[in-house]
Amino acid sequence: MGASGMEGAVVELAPGDDCESSTERGHVGGQPVVILLGWAGCQDRYLAKYSTIYSQKASLWGGGREVQPVDWSQESVDVIFLDSSTMGCAVIRYTAPWRMIFFSETCGIRSLQTPAKRLLELLFEYSIENRPVLFHVFSNGGVMLYRYIMEMLHSHKQFKELKVAGTIFDSAPGRRNLRGALRAFATILVSRNVLLKYFLLFAFAAAAAVLRILLYPLTRFIHKSHYDVLLEAPSRWPELYLYSQADAIIKASEVKSMADARQQLGVSVKAVDFTYSAHVSHMRAYPTYYSSLCTTFLSECLESSPQ
């Protein structure tokens, strides 16, 4: 993790979208930009599979990929130029470090603000800031990062003019479910030394129980949870919630409660219960249906968004 907090970000661009091309490529009405925010511990090779929803031909047939690492003073962003047979969506992929998700956020340290700001700045780096943006957010790890992105979209002058088409939530958001969080954290630590693994699990459980559950009526005035922030979020672009009754980490009832609350605020909300698929495994269980839901939602968002 470099000082910038952006090591591990990947940008997929269609031909002609490189930084040296004409800025006219970012004109309003261009192909959308999809920002994928991975779940805690997600490796890019897993997140990259979701890029195929938005740039399917290049990913499936392996045509024309060229990876060019860009050196930006202590950060590393891979740039992938896709061939002309793609759908044309630019895709940005990023997963926040698990240390930030499980410890910084639990302790009320806003470390995720840095990568959140940097992700939005990437839109300007590649002159695609005038295109509609779709966020595809996975689990609470992605939601914690999305929370700061959303706040900056409403508070930073540079980002207020960005055109968000909508947001897809996959297996999120969840509330104060310590058992589910421990399951997720244990999965990330599975290859660690046993003693270190149980020490980290105990440290996280203790911090979460005290700061985010027992003392939350007080600590919420200093640092609200991501769930409470989303409940009251001023954003009004459409939202799609993909969840499952079989999810052992994020309770389906909490996702449904969020969807209902957002709908009551006037947000256009769609919610799909996959019933049997596990946490962040809906696409693996139902690939065609999942892809269709995402692309249909994106199309509807683009049709309804103001030009």
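What percentage of the 307 residues of the protein chain count as buried? The figure is 54%, where buried means under 20% relative accessible area, exposed over 50% and partly exposed in between, with a 1.4 Å probe and protein chains only. Keep in mind that this is a predicted model, so local features need pLDDT of at least 70 and side-chain atom pairs count only at pLDDT 80 or more, while totals for chains, interfaces and linings use all residues. Residues are numbered from 1 along each chain as its sequence is written, and side-chain values use heavy atoms, with hydrogens and water left out.

Now the overall layout. The protein chain has 12 helices and nine strands; helices (H or I, at least four residues) and strands (E, at least two) are DSSP runs, numbered from the N terminus. As for contacts, meaning heavy atoms within 4.5 Å, take those between residues at least 6 apart in sequence: 80% of them join residues at least 24 apart.

Let's start with strand β7, residues 164-170. Seven of its seven residues are buried. Strands count as paired if DSSP finds at least two bridges between them. On that basis β7 pairs with strand β6 (residues 133-138) in the parallel sense over six bridges, and Leu-134 has Gly-166 in β7 as its bridge partner.

Between β6 and β7 comes helix α5, residues 139-155, and the three make a right-handed β-α-β unit.

Next, follow α5 to its neighbour, helix α4 (residues 113-125). The two pack at an angle of about 60°, with axes 8 Å apart. Axes are lines fitted to C-alpha atoms, for helices over the stretch in contact, and angles run from 0 to 180 degrees between N-to-C directions. α4 and α5 are therefore oblique to each other, since angles under 35 degrees count as roughly parallel, over 145 as roughly antiparallel, 65 to 115 as roughly perpendicular and the rest as oblique. Residues meeting across this pair include Leu-119 and Leu-120 in α4, and Tyr-148 and Ile-149 in α5.

Last stop: His-226, in helix α9 (residues 226-231). His-226 counts as buried because its relative accessibility is 9%. Leaving aside residues up to four places away in sequence, His-226 touches Asn-140, Val-143, Met-144, Arg-147 and Gly-174.

How values were computed
A crossover is right-handed if, with the strands pointing away from the viewer, the path from the first strand over the helix to the second runs clockwise.
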